[in-house]
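I opened my notebook beside the model today to look up how a few strands pair. Here is what I wrote down, entry by entry.

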Amino acid sequence: MNTVILHSCVDANLLQRTYEASWESSEWTFEFPRNSSYDKRHPKITLIEHGQVISKDENLISLIKEIHSQIYDSYECFDREILFAGISMKDITFKENVHTDHNGGCKLLGLLNPIWKKEWGGSFIHDEMVYDMQPGNFVLFDSTVEHAADKILCEEKRVAIDFHQEKLGEARLDFYK
Ligand SMILES: [Fe+2]
């Protein structure tokens, strides 16, 4: 599967409201990356897992479902059912963590920060290619291939949302290349 950048597919106001709701959340945990030492973990909220809503934050769930739906409406190249959704927070203390996750399907990753400058770092690295993370854009990728967030070079916290879902045919993905 080719990695695709889905451009400006989510309303900036929706991302902003989700960013703010994530800061209000009491559901941040330090479980990730699983099997890593405590000092290498970063805060994450697990919202949906194995297709089941985990979070009790109804406002945040409705916001992230709307984000997924807006991406789908622009780019119908993945399945509508969300198998996993989470929000992660990384900052300058975060050590680059090359990993793979999930079996099959595809992953969507995008920033919730209303502003994120290229020089702030935190790009997305996938299969040795580097993708700049610009607010409003989402990266669609195969998460069984090694990927990582690059080092963050500023004092800002990088708040990103990721979704896992089944993929649809390669032909649809090729259309958006
Ligand atoms: Fe990952």
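**Strand pairing notes**

I began with isoleucine 87, whose bridge partner in E11 is isoleucine 161. A reminder to myself: this is a predicted model, where local features need pLDDT of at least 70, side-chain atom pairs count only at pLDDT 80 or more, and totals for chains, interfaces and linings use all residues. Residues are numbered from 1 along each chain as its sequence is written.

I then stepped back to the strands themselves (E, DSSP runs of at least two residues, numbered from the N terminus). E5 and strand E11 (residues 158–165) run antiparallel and are joined by 7 bridges. I noted that two strands count as paired if DSSP finds at least two bridges between them.

Next I checked the link from E5 to strand E3 (residues 42–49): these run antiparallel too, with 4 bridges. Here isoleucine 48 has alanine 85 of E5 as its bridge partner.

Is strand E5 (residues 84–90) mostly covered or mostly open? I found it mostly covered, with 6 of its 7 residues buried (20 or more other C-beta atoms within 10 Å of the residue's own, C-beta atoms being placed from the backbone).

My last entry is on an open sheet of 3 strands, antiparallel, in the order E8-E7-E10. Strand E8 (129–131) and strand E10 (147–149) are at the edges with a single partner strand each, so one side of each lacks a neighbour in the sheet. I also looked at strand E7 (residues 124–126), which is joined to E10 by 3 bridges and runs antiparallel to it. Isoleucine 125 stands opposite alanine 148 in E10.

Conventions. Buried ≥ 20, exposed ≤ 12 C-beta atoms within 10 Å, placed from the backbone.
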